[in-house]
Amino acid sequence: MSSDVCFFVFFFNDTATTEIYTLSLHDALPILSGLFLTLMLLSGCSIVKEGIKKRKPGLMGLERAGSFAVVYAPVKTEQLMPFDLLILESDAFTKGEVTTLKKQHKLVLAYLNVGELETYRKYGCKIPPQWLVSKNPRWQDHYFINPGEKGWQDLLIHKIIPPLLRRGYQGFLFDSVDMASPARFPEYKDDMAHLIHRIRRAFPPILIILNNGDFLLDQIAGDIQGLLVEEVFSDITDDGSVTVRPDMERLAILSRWERIKSKWNLPVFFVDYIPGEDRLPLTAIRDIYRKAKLIPYITDKNAQAIHKEYLIRKE
């Protein structure tokens, strides 16, 4: 005989409780509701399972984003109003600015580098050298970090992420997950997947987008809500000039990402970086995206320029 009566047993430890108590009531409620929903699913409550089946699982609003922007510089909130989804440099915006954007029904995520130490961050001086893997030759003051290092995982979960959630961010773009890709340090792939699992368990309601993280999908697809892909149709050479990828290469890229989207049922956000004010590649790449019916964001190398005239919205 089946029954829909559910029983829950709660276990708390001092560390986790302290972290929860530091949240405001406004921020804590969605976390508690996410925990409650998770427990109900695990318990086998049929009424909850039926409700989940009626909606597309896991996207939490990202599928409704008709446009997006990636901005790593402080700008006025008015400049961000044309975009539905915003991925922002976390230290560049105040809690008040994040609140203003959310009141306008924007999804607001923070940039968070989980695969590198950025030495200019406030916590940069707290990282022991033994956690580091090597210097990133492409970016000054960036060092690849061992994602399996428990101290790094704990720092992210207990010290770095909670203040950003209190500031109002609804989730994160995880950058440098591809330090564990086959092209770099594949021996850290399982460690990177474990790190993402831990963050998801610690913060059930947040949105997570991975930057160039498709190689991890077989392990963490259920933990994330989307993917971001960089330098899709543009190719930046060592001297800083920009070329548009040839037709055959573009077709192969489009075909690959269509397969990934179809297989994993995840939204994919495309970003191309065009240095300076070179309008020719900007226009050419915008037209490629428009023809392919994809939603891109086109900006400069440091994601500081906002080219509203090249905005393409999903119909």
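At 40% relative accessibility, N265 counts as partly exposed, a class that lies between buried (under 20% relative accessible area) and exposed (over 50%), computed with a 1.4 Å probe on protein chains only. The model is predicted: local features need pLDDT of at least 70, side-chain atom pairs count only at pLDDT 80 or more, and totals for chains, interfaces and linings use all residues. Residues are numbered from 1 along each chain as its sequence is written, and side-chain values use heavy atoms, with hydrogens and water left out.

**Two residues with positive phi**

N265 sits in the loop between α8 and β12 (268–273). Helices (H or I, at least four residues) and strands (E, at least two) are DSSP runs, numbered from the N terminus. Although N265 is not a glycine, its phi is positive. E231 is likewise a non-glycine residue with a positive phi. Most residues other than glycine have a negative phi.

| Residue | Phi | Relative accessibility | Loop |
|---|---|---|---|
| N265 | about 55° | 40% | between α8 and β12 (268–273) |
| E231 | about 50° | 25% | between β9 (226–230) and β10 (234–236) |

**Helix α8**

R250, I253, W257 and I260 are buried in α8. Seen down the helix axis, the buried residues of α8 fall within an arc of 95°, so they line one face; the arc is that of the directions from the axis to the C-beta atoms. The face turned away from the buried side of α8 carries M248, L251, R259, S262 and K263, which are exposed.

An open sheet of 8 strands has the order β1-β2-β3-β7-β8-β9-β12-β13, with parallel pairing. Two strands pair if DSSP finds at least two bridges between them. At the edges stand β1 (68–71) and β13 (296–299), each with a single partner strand, so one side of each is left without a neighbour in the sheet. Neighbouring strands here are turned by 25° against each other on average, direction ignored. Within this sheet, β3 (residues 107–113) and β7 (residues 171–175) pair in the parallel sense over 4 bridges, and A110 stands opposite F172 in β7.

A second open sheet has 3 strands in the order β4-β6-β5, paired antiparallel. Its edges are β4 (116–118) and β5 (132–135); each has a single partner strand, so one side of each is left without a neighbour in the sheet. β4 is joined to β6 (residues 142–145) by 3 bridges, and E116 has F144 as its bridge partner in β6.

α5 lies across β3 and β7, running at about 150° to β3. Axes are lines fitted to C-alpha atoms, for helices over the stretch in contact, and angles run from 0 to 180 degrees between N-to-C directions. The largest nonpolar core has 88 residues, and W152, F174 and L210 have the most contacts inside it. Such a core is a set of buried Ala, Val, Leu, Ile, Met, Phe, Trp, Tyr and Cys residues joined through side-chain atoms within 4.5 Å. Helix α5 (residues 150–166) gives the largest share of this core, 8 residues. Not counting residues up to four places away in sequence, W152 touches residues including E116, Y123, W131, P147 and L195, where contact means heavy atoms within 4.5 Å.
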